[in-house]
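Have the viewer open beside you and follow along.

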Amino acid sequence: MNLIDTHCHLNIQPLLDRAGEVLETAEQQGISKLVVIGIDIPTSEIAIQLAEKYPQVYAAVGIHPNDCAKAPDNWENHILDMLEHPRAVAVGETGLDYYWDDTPPDLQKIFFRDHLDLALATGKPAIIHNRDADQDVMQQVLEHGNTKGVFHCWPAGWNIAKPLLDKGYHISFTGTVTFKKNEAVQDVAARMPLDRLMLETDSPFLTPVPHRGKRPNEPMYLPHIAKKIAALREISVEDIAKTTTRNAKLFFNIES
Ligand SMILES: [Zn+2]
């Protein structure tokens with residue numbers, strides 16, 4: 001099996017100190033490439049350093065909605081500089097998070113819009129986080145001219161997914177799709193167009209079944225997510241692997 005983990009945080013602890021070992025165990029499970037996602041300026045810089053050090057790693061750079069309030073005034077220049085790096089393949093993660101109250105919603109919305117502007121200007125896709133903010137995320141995305149992005153860790157039902165897919169966006173699934181009683185998310189995984197679907201672990205968070213509860217989550221558990229989606233769609237896991245890997249290469253514009 002050849003899989004791409006399109007969203008993981010090897011740039012934060014406890015994974016950062018063991019990054020080499022984490023990548024090795026991932027490779028043994030068929031994870032051939034990984035995209036490491038920044039949540040603020042320092043972790044975006046570390047994502048790029050990891051991409052320089054390890055040939056299978058690519059970086060995304062941005063300010064997570066929970067980290068906007070701490071960002072320096074000139075954050076946008078920093079991110080734009082980093083986006084010029086050839087291994088910085090995406091903008092994010094950005095989005096809206098109304099679960100935690102680290103950042104006022106109005107400030108999150110400004111940062112989200114600015115990230116979508118950066119994606120549109122650079123042609124690199126946006127990586128979007130949505131927690132308890134379905135309506136506002138949908139409204140901002142549908143109003144914006146950017147059409148290239150992925151909703152990471154998809155949290156909602158088909159009524160939210162449909163207009164975003166129609167706009168051109170991708171959807172990626174974490175271990176939450178393996179959780180019991182997550183029917184709305186599983187329904188989206190089962191019926192959405194396969195050519196827009198990607199896989200991710202969001203390590204070190206959200207360990208999939210059958211390892212749920214174990215911490216930290218690691219990229220090596222990605223095959224459990226592929227298997228679950230294959231079962232939901234009643235196709236082989238090889239087909240899921242082949243298609244999602246091709247989708248990720250095209251989406252991030254990374255070589256085969
Ligand atoms: Zn993340």
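**Entry 1: helix 1 and its partner.** I looked up what the buried residues of helix 1 pack against, and found strand 2 (31-37). Helices here are DSSP runs of H or I with at least four residues, strands are runs of E with at least two, and both are numbered from the N terminus. The model is predicted: local features need pLDDT of at least 70, side-chain atom pairs count only at pLDDT 80 or more, and totals for chains, interfaces and linings use all residues. Residues are numbered from 1 along each chain as its sequence is written.

I then listed the buried residues of helix 1 (residues 19-28): Val 22, Leu 23 and Ala 26. They sit on the same side of the helix, because they cover an arc of only 100° around the axis (the arc is that of the directions from the helix axis to the C-beta atoms). On the face turned away from that buried side I noted the exposed residues Gly 20, Glu 21, Glu 24 and Gln 28. My cut-offs: a residue is buried if 20 or more other C-beta atoms lie within 10 Å of its own, exposed if 12 or fewer, and partly exposed in between, with C-beta atoms placed from the backbone. After helix 1 comes Gly 30, whose phi is positive, near 90°.

**Entry 2: the core.** I asked which residues have the most contacts inside the largest nonpolar core. That core has 73 residues, and the answer is Val 35, Val 36, Ala 47, Ala 59, Ala 60, Val 61 and Val 91. A nonpolar core is a set of buried Ala, Val, Leu, Ile, Met, Phe, Trp, Tyr and Cys residues joined through C-beta atoms within 7 Å.

I picked Val 36 and checked what it touches, leaving out residues up to four places away in sequence. The list is Cys 8, His 9, Leu 10, Asn 11, Ala 47, Leu 50, Ala 51, Val 57 and Ala 59. A contact means that two C-beta atoms, placed from the backbone, lie within 7 Å.

**Entry 3: two helices side by side.** I looked at helix 2 (residues 41-53) and helix 3 (residues 75-83), which pack at an angle of about 5° with their axes 11 Å apart. That makes helix 2 roughly parallel to helix 3 (the term covers angles under 35 degrees). Ile 41, Ser 44 and Ile 48 of helix 2 make the contact with Trp 75, His 78, Ile 79 and Met 82 of helix 3.

Entry 4: The bond from Gln 13 to Pro 14 is cis, with omega near 5°, and Pro 14 is in the loop between strand 1 (3-8) and helix 1. The bond from Arg 215 to Pro 216 is also cis, with omega near -5°; Pro 216 is in the loop between strand 8 (197-199) and helix 8 (222-233).

Then phi: Cys 153 has a positive value near 50°, and I counted 25 C-beta neighbours inside 10 Å, so Cys 153 is buried. Asn 253, in the segment after helix 9 (237-252), has a positive phi of about 55°. Is Asn 253 buried or exposed? It is exposed, with 12 other C-beta atoms within 10 Å.

**Entry 5: the whole chain.** I logged nine helices and eight strands. Buried residues make up 49% of the 256 residues.

Definitions and conventions: Axes are lines fitted to C-alpha atoms, for helices over the stretch in contact, and angles run from 0 to 180 degrees between N-to-C directions. Angles under 35 degrees count as roughly parallel, over 145 as roughly antiparallel, 65 to 115 as roughly perpendicular and the rest as oblique.
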